[in-house]
Every structure is written in structure tokens, then in C-alpha cells.
Amino acid sequence: MNEAGIGIEDPARIRLHKQIETLTAGEPIDAAAAAVCDALSTLKKFPDGKIRVCVTSPPYWSVRDYGVEGQLGLEPTPQEYVANLVAVFAEVKRVLTDDGSLFLNLGDCYTGSGKGGDPTKSPIQ
């Protein structure tokens, strides 16, 4: 693994990492880059106003553990989850161009449906 935690044997991840390095250096790239990373720390590396589109579906609160320490969605309370999302999306706003767009998918499952979520942890009582 390199310092970014990317497996050297994975060429797609290496290309992605190089695209992110290019973007964070302020150089435009003409291709889409998909990142599986710590969004907040990665976004802080980007210069202001360089991203035209952000498409994301962050982990939902208390639905799934991806086995990553500090991941979004495992906060003890919904309030902490929302505070962490606000921090991430403040960075998204900063890096978007003036005419940039954010496409956010949040909550495509519902508590009690049997399709995700823990009904005993529902923020809606």
C-alpha cells in the first residue's frame, strides 16, 4: 500500500489517486473521477472553485458499518451525523465552481422497512 492506502496492484485506484493529485494541485482534468476516501480530508486538499459536479450517496446514519474507523453514519447520535455531513458539504460548496452542481442521494431506505436501518435507533420517534 502507498501512503494513501491504495493497493499498488490495483491500476484503477492508482489512476484515480493520480487524478485526485492532479485536481488538488489545481490542474483541471477532463474526466470524471470517482473516489472512495475520507471525503472531508480529501476535499480540504482541493483548491476553491475547481469542481463542476459532485455526485454522492454518503452512508446513512446507523445503517451499515463498512469497517472503517471514523466513518460517516456510525456517530452515536443523529445530531453528530448531521454535523459531520454539514462539515463535508461546506467543503463541497467551497470546491464547486460558481455554476457547479451537487447531486445528493440521502435516505433511499427507511427505518422499519426491513430494507435497512435499525428501528430502535430511529431519530423519528
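Trainee: In this predicted model, which element of the protein chain has the highest mean confidence?

Mentor: The model is predicted, so each residue carries a pLDDT, the predictor's confidence from 0 to 100. In the protein chain, the mean is lowest in H1, at 65. The highest mean, 95, belongs to H3.

Trainee: What share of the residues scores at least 70?

Mentor: The protein chain averages a pLDDT of 76. Over residues 1-8 the pLDDT stays under 50, and the model has eleven contacts beyond four places in sequence for them. The share of residues that score at least 70 is 58%.

Trainee: What pattern do the helices and strands follow along the sequence?

Mentor: The protein chain holds three helices and two strands. Among them are helix H1, residues 11-24, and strand S2, residues 96-104. Read along the sequence, the pattern is α-α-β-α-β.

Trainee: What is the handedness of the β-α-β crossover?

Mentor: S1 and S2 run parallel and are joined by five bridges. Valine 53 stands opposite serine 101 in S2. From S1 the chain passes through H3 to S2, and this crossover is right-handed.

Trainee: Which element gives the most residues to the largest nonpolar core?

Mentor: The largest nonpolar core has twelve residues, including Phe46, Trp61, Tyr81 and Leu85. Strand S1 (51-56) and helix H3 (78-95) each supply at least two of its residues. With six residues, the element that gives the most is H3.

Trainee: Beyond its neighbours within four places in sequence, which residues does leucine 85 contact?

Mentor: Leucine 85 belongs to the largest nonpolar core. In soluble globular proteins, nonpolar side chains tend to be buried together. With neighbours within four places left aside, the residues in contact with leucine 85 are Pro58, Leu72 and Leu106.

Trainee: Is glutamine 71 buried or exposed?

Mentor: Glutamine 71 is placed in the loop between S1 and H3. Its relative accessibility is 10%, and the cut-off for a buried residue is under 20%. Glutamine 71 therefore counts as buried.

Trainee: How far is the backbone nitrogen of tyrosine 66 from a polar atom of the glutamine 71 side chain?

Mentor: Leaving aside neighbours within four places in sequence, glutamine 71 is in contact with Arg64, Asp65 and Tyr66. The glutamine 71 side chain also reaches the backbone nitrogen of glycine 67 at 3.5 Å. For the backbone nitrogen of tyrosine 66, the distance is 2.9 Å.

Trainee: Why does aspartate 99 count as exposed?

Mentor: Aspartate 99 lies in strand S2. A residue is exposed when its relative accessible area is over 50%. Aspartate 99 counts as exposed because its relative accessibility is 53%.

Trainee: At what distance does the side chain of aspartate 99 make a polar contact with the side chain of threonine 97?

Mentor: The aspartate 99 side chain makes a polar contact with the side chain of arginine 52 at 3.0 Å. Another of its polar contacts is with the side chain of threonine 97, at 2.8 Å.

How values were computed: Residues are numbered from 1 along each chain as its sequence is written. This is a predicted model: local features need pLDDT of at least 70, side-chain atom pairs count only at pLDDT 80 or more; totals for chains, interfaces and linings use all residues. Side-chain values use heavy atoms; hydrogens and water are left out. A nonpolar core is a set of buried Ala, Val, Leu, Ile, Met, Phe, Trp, Tyr and Cys residues joined through side-chain atoms within 4.5 Å. Buried means under 20% relative accessible area, exposed over 50%, partly exposed in between (1.4 Å probe, protein chains only). Helices (H or I, at least four residues) and strands (E, at least two) are DSSP runs, numbered from the N terminus. Contact means heavy atoms within 4.5 Å. Two strands pair if DSSP finds at least two bridges between them. A crossover is right-handed if, with the strands pointing away from the viewer, the path from the first strand over the helix to the second runs clockwise. A polar contact is a pair of N or O atoms within 3.5 Å; within protein, one must be able to donate a hydrogen and the other to accept it, and residues adjacent in sequence count only if both atoms are side-chain atoms.
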